[in-house]
Amino acid sequence: MTSTTTFQPVLERIAEEIERTPGSGRPADYIPALAACDPRRFGMAVADLDGTVYGVGDWRQPFSAQSLTKVFTLALDLSREGDALWEHVGREPSGNPFNSLVQLEYENGIPRNPFINAGALVVTDRLHTRTGDASGELLAFLRAESGNPDLTFDQEVAASESAHGDRNAALGHFMAAYGNIDNPVPTLLEQYFRQCSVAASCADLALATSFLARHGIRADGTRLLTRSQAKQINAIMLTCGTYDAAGDFAYRVGLPGKSGVGGGIIAVVPGRCTLCVWSPGLDERGNSVAGVAALDRFTTLTGLSVF
């Protein structure tokens with residue numbers, strides 16, 4: 001596609017194909033506030049580097065961002081502390097479920113990557129140490145990059161996660177025992193659950209992710225990350241962004257991407273555009289069934305891929 005081509009016809013074609021496909025997948029049922037979502041809902045947005053957004057379906061409907069927020073907290077912390085972060089969290093795929101405790105013990109409390117829950121807890125902890133309010137810093141960033149000052153936390157979702165957050169608490173306490181958590185674990189968990197509860201639309205999140213397609217440049221033209229740091233985050237998204245299905249996602253979609261159990265997926269075409277797709281029906285690995293299918297069709301129809 002040329003830079004002057006609109007993405008709208010492609011999105012409309014994808015939406016029609018998704019509509020004809022029998023529904024599959026189920027919403028995240030271990031978070032009661034998410035379990036009631038209709039798995040057949042579908043929205044998709046593409047943001048050009050100039051801020052133009054194309055969309056289809058429920059692309060302006062806010063949904064629970066969940067693990068999509070891990071990308072933004074990683075960028076915000078990496079911009080502050082640089083490579084020192086990597087002494088506390090790795091950059092390798094885990095091969096295990098996103099909330100697994102298994103690897104932490106024999107890897108001395110160092111999570112495998114920033115996108116599994118243990119790794120995201122470390123990143124949020126370190127951002128909180130540097131800002132005094134990690135979730136507030138995240139929300140301010142998302143509001144600025146999306147141009148939507150009304151973005152906020154969903155208190156019902158945050159409370160629901162807190163009430164069912166024993167495994168995340170176990171991860172936090174286990175890493176604290178290895179000296180890899182700075183803040184009191186209850187404080188960290190409150191920040192983390194608030195972070196994950198952000199409600200935003202496909203349009204909001206496609207725009208907010210655009211700094212990674214602009215090689216680290218924010219919407220206002222200032223630089224958040226070096227070009228090398230933006231490359232690093234895109235690389236980790238490609239290898240680790242869809243939990244233990246990252247290989248299949250790279251095979252099918254061919255873009256850096258990050259999924260969340262709210263049914264959203266963000267993806268980056270460096271130097272070209274960013275995408276967000278939402279459909280709450282998840283596969284057994286926690287990734288949106290229709291979302292992955294839609295991104296697969298997008299890269300096939302447009303020829304836009306990192307490969």
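Which residues of α12 are buried? In this predicted model, residues are numbered from 1 along each chain as its sequence is written, local features need pLDDT of at least 70, side-chain atom pairs count only at pLDDT 80 or more, and totals for chains, interfaces and linings use all residues. Side-chain values use heavy atoms, with hydrogens and water left out.

Helix α12 comprises residues 227-240; helices (H or I, at least four residues) and strands (E, at least two) are DSSP runs, numbered from the N terminus. The buried residues of α12 are Gln 229, Ala 230, Ile 233, Asn 234, Ile 236, Met 237, Leu 238 and Cys 240, where buried denotes under 20% relative accessible area, exposed over 50%, and partly exposed in between (1.4 Å probe, protein chains only). These buried residues pack against α3, α11 (210-213) and α13, as well as against β6 (257-259) and β7 (264-269), contact being defined as heavy atoms within 4.5 Å. The 14 residues of α12 should span 20 Å at 1.5 Å a residue, and the end C-alpha atoms of the helix are 20 Å apart, in agreement with that value. The expected span is 1.5 Å times one less than the number of residues in the helix.

Salt bridges were assigned where a side-chain nitrogen of Lys or Arg is within 4 Å of a carboxyl oxygen of Asp or Glu, a rule that gives a count of 11. One of them joins the side chains of Arg 41 and Asp 58, at 3.3 Å from N to O. Because Arg 41 lies in the loop between α2 (32-35) and β1 (43-48), and Asp 58 in the loop between β2 (53-57) and β3 (63-64), this pair ties together parts that are 17 residues apart in sequence. Arg 41 is partly exposed, at 30% relative accessibility, and Asp 58 is likewise partly exposed, at 23%.

A further salt bridge, at 2.7 Å from N to O, is formed by the side chains of Glu 81 and Arg 126. The pair links distant parts of the chain, with Glu 81 in helix α3 (residues 69-81) and Arg 126 in helix α5 (residues 117-131), 45 residues apart. Glu 81 is buried at a relative accessible area of 13%, and Arg 126 is buried at 7%.

Asp 296 and Arg 252 also form a salt bridge, their closest N and O atoms being 3.3 Å apart. This pair connects helix α14 (residues 289-302), which holds Asp 296, to helix α13 (residues 246-252), which holds Arg 252, across 44 residues. Asp 296 is buried, with a relative accessible area of 18%, whereas Arg 252 is partly exposed, at 32%.
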